[in-house]
Amino acid sequence: MTHKSAGRMLARRRFLSAAGASVAAAPLAAPAIATAQGQTTTWRVQSSWGGGPGLEAFYEWANSIVEVSGGELAFDARKDGELVKRFDIYDGVRAGQLEAAHNFTIDAGRFDPAGVFLSSYPLAMRTTSEWDVFYYGLGGLELAREIYAKQNLFFVGPIHHGPNIIHSKKPIRYLDDFRGLKMRTPGGMVEQLFQQLGAETITLPGAEIMPAFQSGRIDAADFVGPSINYAYGFAEETKFISMGPAGYMSIYQPVDLMDLTVNQAAWDALSPEMKLLVEREVQNFSDIHHAKIQKADQDSWAQYAAEGVEVSRITPEDVRLLTKVAASIWFDWASRSPDAARVFKVQLDYMASGSLGYVEQEIADLFNDTL
């Protein structure tokens, strides 16, 4: 076995056994610690991570809750699919199969089109700080909570993880290279964007991407960041990565967001002090979660180089063209519900402002004229 193959196998083994390696650290049977208010309240909290640095960070954070809460609250941490299937996770929280979920916020689009505007969408806000401004400065947190409350859910707060990138069997150096490409996407706006570029899209969960590459069902796939994608084995089947211009690993999904969502009754049962603690913990965890994943991503680039993977970047001019393509998709989704229009209006004004300037004012005016 070559050194390169051994390294790849080790990386995959670490990822695929991350749950086993980390479960010992996860509070699978939280202790009943006596507190001034009685016994510990234990929440079953399922993450949408199945392994890798994101799941490890989640387990570490979950372990800390019983201590920082003084024994009043504990998290029984579970990995993706352990109690509820991946795309049923919000339903599981609603039904009380879980008390809470560490999930990808984009899934909120399944119960309201506004949900797609609560997470990163193509060519929109492009940094974690811009999303924090939306949530904590421009009223986004309150809007999200209103939308989730209609589903008997409480949206505690956003949790950053990082950009999504594209792996392909063929080089993608120009926008025309997407034409005719058989490509996996997560659906929604991202799927529509690449369809506009001429790609033949298909929606698949992460676990089915490698078999699809191996069978020739797909030529390319959008998925999460480089470290997790390497652990899945993408470098074995694809030798090209397409990213945004310098400074952006991704421009179509540069800041993929997760959140902590809680069953409304479980949230209401907490003391005011404990609610505040959980909100602050989510803000702290967002920073830690994001940083640990970015560190793992940095480490992965040497592995890709050793595998002979080529990285290419689209140009700033391509970004301007894509923004105009994406704008029509934004407007379509924003028209699908009153809440979608409310959320998007806040973001559009921000993106068109002097602070960002991502959107030309004439494009913003087109939407504002329809309100």
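This is a predicted model: local features need pLDDT of at least 70, side-chain atom pairs count only at pLDDT 80 or more; totals for chains, interfaces and linings use all residues.
## The five-stranded sheet

E2 belongs to an open sheet of 5 strands, arranged in the order E2-E1-E3-E10-E4 and with mixed pairing. Strand E2 (73–78) and E4 stand at the edges with a single partner strand each, so one side of each is left without a neighbour in the sheet. Neighbouring strands of this sheet are turned against each other by 25° on average, direction ignored.

Further into the strand order, E1 (residues 41–47) and E3 (residues 100–104) pair in the parallel sense over 3 bridges, and Gln-46 has Ala-101 of E3 as its bridge partner. Helix H3 packs on the sheet, where it touches E1, E2, E3 and E10, and its direction makes about 155° with that of E2. Helix H12 (residues 272–306) also packs on the sheet, touching E2, E3, E4 and E10, and the direction of H12 makes about 20° with that of E4.

Just after H3, Gly-70 takes a positive phi of about 65°.

In helix H5 (residues 128–137), Glu-130, Trp-131, Phe-134 and Tyr-135 are buried. Seen down the axis of H5, these buried residues fall within an arc of 130°, so they line one face of the helix. An α-helix has 3.6 residues a turn, so residues three or four places apart point the same way. The cover over the buried residues of H5 includes helix H6 (140–149), strand E4 (153–162), strand E10 (256–263) and helix H14 (338–352). Just after H5, Gly-139 takes a positive phi of about 90°.

## Nonpolar cores

The largest nonpolar core has 67 residues, and those with the most contacts inside it are Phe-117, Trp-330, Phe-344 and Met-351. Among the elements that give two or more residues to this core are H4 (89–95), H5, H6, E4 and H7 (188–196), together with H13 (316–334), H14 and H15 (361–368). Helix H13 gives the most, with 9 residues. Not counting residues up to four places away in sequence, Met-351 touches Tyr-121, Ala-124, Met-125, Trp-330, Phe-344, Leu-356, Gly-357, Tyr-358 and Val-359.

A second, separate core of 40 residues includes Tyr-59, Leu-73, Phe-75 and Ala-221.

## The protein overall

The protein has 15 helices and 11 strands, and buried residues make up 56% of its 371 residues. Among contacts between residues at least 6 apart in sequence, 75% join residues at least 24 apart.

Notes: Residues are numbered from 1 along each chain as its sequence is written. Side-chain values use heavy atoms; hydrogens and water are left out. Helices (H or I, at least four residues) and strands (E, at least two) are DSSP runs, numbered from the N terminus. Buried means under 20% relative accessible area, exposed over 50%, partly exposed in between (1.4 Å probe, protein chains only). The arc is that of the directions from the helix axis to the C-beta atoms. Contact means heavy atoms within 4.5 Å. Two strands pair if DSSP finds at least two bridges between them. Axes are lines fitted to C-alpha atoms, for helices over the stretch in contact, and angles run from 0 to 180 degrees between N-to-C directions. A nonpolar core is a set of buried Ala, Val, Leu, Ile, Met, Phe, Trp, Tyr and Cys residues joined through side-chain atoms within 4.5 Å.
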